[in-house]
Amino acid sequence: MNSTTDNGDVTPDVNQDVDGDLREDFDPSEMDSSEEGQAELSELEQAIRERDEAKALWLRAQADYQNLRRRTQADIDAAVLRAKSEVLGEAVTVLDYLDMALAAEVTSDDAKNLKIGVEMTRGQLQGLFDRLNIKPIAAVGMFDPAVHQALSTVETAEHEPGTIMEVVRGGWLMGETVLRFAQVRVAAAPEGPKDVEAESVEAE
């Protein structure tokens, strides 16, 4: 007996019994038709497989393209950030020089006028830093290797080891990117008294 699908198509019942009277009604032409149907079915299955493979290849190619675009954009962004960091790192040094100039004592009128110009220049540079979210690195408390660079240690019992004792050169951040590490001196535990007797034994 044949079965009917939801959309009305009729499919043969492969479990149908061909014994008994069905053998008497067997027609060779129906056998030929059945073989042709099987051939057509095989061709259809092959076409479906090829379609699915082509679709899978297309989806994979699309995913690879999106990944390539993402990696390329990430490389571009990293290159732009490196170039920007180098330029702004130099600008930070210029700011240092401007601060040194402003710290100098002035007495003459010409020097005072020059100082006003330096102050205006520094103000413009600071305004640029504010717009780009460039801020000085806090150099107080404990040493942080992510933003601090230790130039030397200071032996002391008054502060916990790793405490920042002195700022030699200020550091700067642009967002989370370090433009320049803060150069500092860090507290270290004092060495205990040496055992003279032990040293003499080692020498022997």
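Ile-48 counts as partly exposed, with a relative accessibility of 35%. Its place is in helix α2, which covers residues 28-103. Together with Leu-41 and Leu-44, Ile-48 makes a nonpolar surface patch of about 240 Å².

Please keep in mind as you read on that this is a predicted model.

## The chain as a whole

Let us step back to the overall layout. The protein chain holds 4 helices and 8 strands. Read from the N terminus, the elements follow the order β-β-α-α-α-β-β-β-β-β-β-α.

Of the 204 residues in the protein chain, 16% count as buried. The accessible surface comes to about 15800 Å², and carbon and sulfur atoms account for 54% of that surface. Where contacts join residues at least 6 apart in sequence, 58% of them bring together residues at least 24 apart.

## A three-stranded sheet

Which strands make up the open sheet, and in what order? There are 3 of them, arranged β3-β6-β7 with antiparallel pairing. Strands β3 (134-136) and β7 (177-180) stand at the edges with a single partner strand each, so one side of each has no neighbour in the sheet. From one strand to the next, the twist averages 30°.

Strand β6, residues 172-174, pairs with β7 in the antiparallel sense over 3 bridges. Within this part of the model, Leu-173 stands opposite Val-178 of β7.

## Salt bridges

Arg-180 and Asp-96 meet through their side chains in a salt bridge, at 2.6 Å from N to O. Because Arg-180 lies in strand β7 and Asp-96 in helix α2, this pair ties together parts that are 84 residues apart in sequence. Is Arg-180 buried or exposed? Arg-180 counts as buried, because its relative accessibility is 10% and the cut-off for buried is under 20%.

A further salt bridge joins Arg-185 to Glu-166, with the closest N and O atoms 3.2 Å apart. This pair links distant parts of the chain, 19 residues apart: Arg-185 is in strand β8 (residues 182-188) and Glu-166 in strand β5 (residues 164-169). Arg-185 is partly exposed at 27% relative accessible area, and Glu-166 is likewise partly exposed at 40%.

Asp-52 is partly exposed, with a relative accessible area of 39%, whereas Arg-51 counts as exposed at 54% relative accessibility.

Methods: Residues numbered from 1 in each chain as written. Predicted model: local features only at pLDDT ≥ 70, side-chain atom pairs only at ≥ 80, totals over all residues. Heavy atoms only, no water. Helix = DSSP H or I, 4+ residues; strand = E, 2+ residues; numbered from the N terminus. Buried < 20%, exposed > 50% of the residue type's maximum accessible area, 1.4 Å probe, protein only. Contact = heavy atoms within 4.5 Å. Areas by Shrake-Rupley, 256 points an atom, 1.4 Å probe, with all protein chains shown as cover. Patch = residues over 30% accessible without salt bridge, like charges linked within 9 Å, V, L, I, M, F, W, Y side chains within 5 Å. Salt bridge = Lys/Arg side-chain N within 4 Å of Asp/Glu carboxyl O. Pairing = 2+ DSSP bridges. Axes fitted to C-alpha atoms, helices over the stretch in contact; angles between N-to-C directions.
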